Amino acid sequence: MTSSLNLWLIPVLPLAGAAINGLLGKRSSRTAVSIIGLFFSGAAFAWALSVAWRVSPAALPYPEYIAHWIRSGSFSADFALYLDQLSLIMLLVVTGVGFLIHIYSVGYMWDDPSYYRFFTYLNLFMFFMLTLVLANNYLLMFIGWEGVGLASYLLIGFWFTKDSAASAGKKAFIVNRIGDFGFLIGLFLIIQHFHSLNFTQVFEQVRPYTAEANGAGFLTAIGILLMVGACGKSAQIPLYVWLPDAMEGPTPVSALIHAATMVTAGVYMVSRSHMIFERAPIALTVVAVIGTLTALFAATIGITQTDIKKVLAYSTVSQLGYMFMACGVGAFSAGIFHLMTHAFFKGLLFLAAGSVIHAVGGEQDMRKMGGLRSYIPWTFLTMGIATLAIAGFPPFAGFWSKDEILWQAYSSPHGKVFWLIGLITAFITSFYMFRLLFMTFFGDYHGAQVDEHGHGSHGHGHDDHGHGEPHESPMVMLAPLMILALLSVIGGLVGIGNRFEHFLEPVFGSGVSEAAGEAASGFTEYLLMGISVVVALLGFGLAYLFYVSQPLLPQKIAASLNGFYTTILNKYYVDEIYAKLFVKPLLDGSTSILWQGVDRKVIDDTVNNAADGARHVSDEVRHMQSGNLRSYAGWIAAGSAVVIAYMIWMGVR
Amino acid sequence: MSVHLVLFLAFGVVCIAGAINLLAQTHPINSALSLIAVMAALAGEYLLLGAEFVAAVQVIVYAGAIMVLFVFVIMLLNAGVEDRTKGSRIAVLFGVPGMLGGSILIAWVMLHHSGTEAVAAGALPGDPRTLGQLLFHEFLLPFEITSVLILIAIMGAVVLASKPPSTPAAGLARKVD
Amino acid sequence: MVPLSYYLVLSGILFACGVAGFLIKRNIITIFMSIELMLNGVNLSFVAFAAHWHALAGQIFVFFVMVVAAAEAAVGLAIIIAVYRTRETLNVDQVNLLKL
């Protein structure tokens, strides 16, 4: 056995940072807060690297027991950590990207009055996310799951004085809760059948089951319920509606939580539970269908959005759909691969978008941008790299992972439909990403001049050094961009020759992908790769046509497809439908039934009527004490008459 | 129709007539006098039952002392005729039938359910000798307690009925010595 | 020969008259006299039962009832005198300082 890796340090260090900043931050200087925040998250990253360096593959999976927690009859769950290849990758992604975003936030949030609070929440989020990733049982993972939901709520509503931000935070938490409900029922089923929530124990018991090919058994039920939870956390249909609203939070939050890490928790959970899903084909199909549909659906909405962050939000939903598609066809390692590359380029996209917003003084509407590439060249460069990555151009990271997913989909049984929809979505993705790039950085600048106290429509605290024209961000913000850009370039190369897959083999087994890989020929694989690249180029070309060479064309097309366009522009009215179907009846029901009916009538009235009743009774009874001697005499006589009558009756019987 | 029964009925009629008269009269002195008549008739009933000592005590104590006290107080306070109010009319309206009904009920129950064996006249001689022996042997404790009771009653009556002091200081002085 | 029940009926009638007077009359002294009437009725039933069951204890009890009645009459009349001094009336309805 290797010596103890002290894995527990990794989650606890950010927790310490959160505690220190939370308690002392208000009275500390910005520098002190930054140092604390950066130190603890950096230390977590450094420790994760050291763990990755020190641990030998033979020692994995590595359990680490911290403390005793629940022992209730035959059920027990402990504070214990579990390291295997899957959690190692997640660990490095979370701490690495997290640390970069901490650095970026120092620059982005510098002028915000609640600076310390931001870093407190950010560190708190890191703690919960790392708990989620390192947990060795579903219950501890659920704590992390809920905790990241809490951190997300706190950070989305960071500027809580703004109504829309506070509502967005609530919406995120509530919609997540709905997913968590399904997750919990799934956990209850697991406890009922396997009497444990410990990964090792559960999966050992699951192993002997064969795939329930016909009909739905309890494994299918568990799988679908776990997927419900994942839909909430990872913003899939029908629980994705919170993610676009979550853009109310500061951009580093969007980058960290809603692109790189938290939303990937659902993918991680599904991959962790692959043993269950592999034995429940119906559940797996459900996962694939949801993922694919979401990918296409969100991509279509992304075409019409004008807020730069909203485009990226829908793009995130769409890419998450890809990851679930991969899991759904059994290619869990491909899903994780895409998770990793997505963290790089989507994180980069968000951070760069933040840089753009910072440059134009808070404006987020792309129609008011344009031609920025001469003003902010570094941002343009990094964002361009990220766009190439997400569109799937080789040799950038996105190409390798997305293509792996499409290939696995194609070669899986009944998977060609998924492959086709995925391909169409790739085309749309390429189109709207390049649309974003062109609208922001090419053409003429349509924006307002950034003046001394320039505020756009989303004024933050960081734009009080306007110079009258868009300006580049400081180095502290640019450095993470460059590092992430580098990762977006080379990050995908680990996937060449199935190296990534082999790395994860101890976790997922050789499974579906190998078999599928041997079944089809190498030529098909290269052909499909080529098709993907062509599709990406088509997207690029169309975007170029619409937004660079013929800028009036989009308007004309939108006008001619008016009804269709408006529907997509309004996000298919999903929010409105939900409001009518669920929110309004719930609110009305609450008001009329629960508030007026139960709270007022039943509870309040019971108390009031009890008091009133007591008063009325005493009102009647007090007449006995009249101060009138004769009435006393009358009462005495009446009472004694009753007693005498009773005694007579008893005697007579 | 024995003599016993005739005497019983005679005394009984006097009792009841006196009782009803007590209710019917408005001036309290008339009520007091009819009550004296009732007590005398009751003494006769006691004699029929052979309780001669009780009969004597009834006449001496009840009719002779207590009723005299009542008459005394009535004279002292110069009580007048009761005035008729609305309340009194209602009371008569409801009370008389009520009392009648109650009496009939009691009579019916008694006659119906208790034994009809007769009590002989003078069945149980209550001569003073026997009573005295009983009183001072078995009932000694109640006897002594009632003597204390009488003492307390006397003291209480004297205090309550005494004239209130003309000035508070005089009352205080009285209490001190 | 007089049955026991006749005595009891007489006693009951006397008692009922006493209760009626107690409720109907407004003069305090008359109410007191009704109470005495009730006590007398009860005395009669005691003596009747004593004769019926050949137990002299009944007559002893009558003895004690008379003592108590005497004490009560004394004290009660003293109270009536005290009340008359302050209220100047013997009407029981007007002794109502405790009325709300």
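This is a predicted model: local features need pLDDT of at least 70, side-chain atom pairs count only at pLDDT 80 or more; totals for chains, interfaces and linings use all residues.

On the side of α15(A), the contact is made by A:Phe345, A:Lys346, A:Leu348, A:Leu349, A:Ala352, A:Ala353, A:Ser355 and A:Val356, while α16(A) contributes A:Thr379, A:Thr382, A:Met383, A:Ala386, A:Thr387, A:Ala389 and A:Ile390. Two packed helices are described by the angle between their axes and the distance between the axes. Here helix α15, which covers residues 332-359 of chain A, and helix α16, which covers residues 377-391, pack at an angle of about 145°, and their axes are 9 Å apart.

These two helices belong to a chain that holds 27 helices and two strands. Chain A has 653 residues, of which 54% count as buried. Among the contacts in chain A with a separation of 6 or more, 80% come from residues 24 or more positions apart. The chain exposes about 26800 Å², and carbon and sulfur atoms supply 69% of that area.

Side chains of opposite charge can pair when their charged atoms come close. The structure holds 13 salt bridges over all chains, and one of them joins A:Arg177 to A:Glu146, with the closest N and O atoms 3.2 Å apart. A:Arg177 lies in helix α6 (residues 163-194) and A:Glu146 in helix α5 (residues 138-156), so this pair ties together parts of chain A that are 31 residues apart in sequence. A:Arg177 counts as partly exposed, at 38% relative accessibility, whereas A:Glu146, at 17%, counts as buried because its value falls under 20%.

A:Lys368 counts as partly exposed at 41% relative accessibility, and A:Asp365 counts as buried at 14%. The side chains of A:Asp619 and A:Arg622 also meet in a salt bridge, at 3.6 Å from N to O; in this pair A:Asp619 is partly exposed at 34% relative accessibility, and A:Arg622 is partly exposed at 40%.

On the surface, a nonpolar patch is formed by A:Tyr573, A:Ile577, A:Leu581, A:Phe582, A:Val583 and A:Leu587, which together have about 590 Å² of accessible area. A:Val583 lies in helix α26 of chain A, which spans residues 574-621. Patches are made of residues with over 30% relative accessible area, and A:Val583, with a value of 42%, is partly exposed.

Conventions
Residues are numbered from 1 along each chain as its sequence is written. Chains are lettered from A and ligands numbered from 1 in the order in which they are written. Side-chain values use heavy atoms; hydrogens and water are left out. Patches are made of residues with over 30% relative accessible area and no salt bridge: like charges are joined within 9 Å, nonpolar side chains (Val, Leu, Ile, Met, Phe, Trp, Tyr) within 5 Å. Accessible areas come from the Shrake-Rupley method with a 1.4 Å probe; for residues, only the protein chains shown count as cover. A salt bridge is a side-chain nitrogen of Lys or Arg within 4 Å of a carboxyl oxygen of Asp or Glu. Helices (H or I, at least four residues) and strands (E, at least two) are DSSP runs, numbered from the N terminus. Buried means under 20% relative accessible area, exposed over 50%, partly exposed in between (1.4 Å probe, protein chains only). Contact means heavy atoms within 4.5 Å. Axes are lines fitted to C-alpha atoms, for helices over the stretch in contact, and angles run from 0 to 180 degrees between N-to-C directions.
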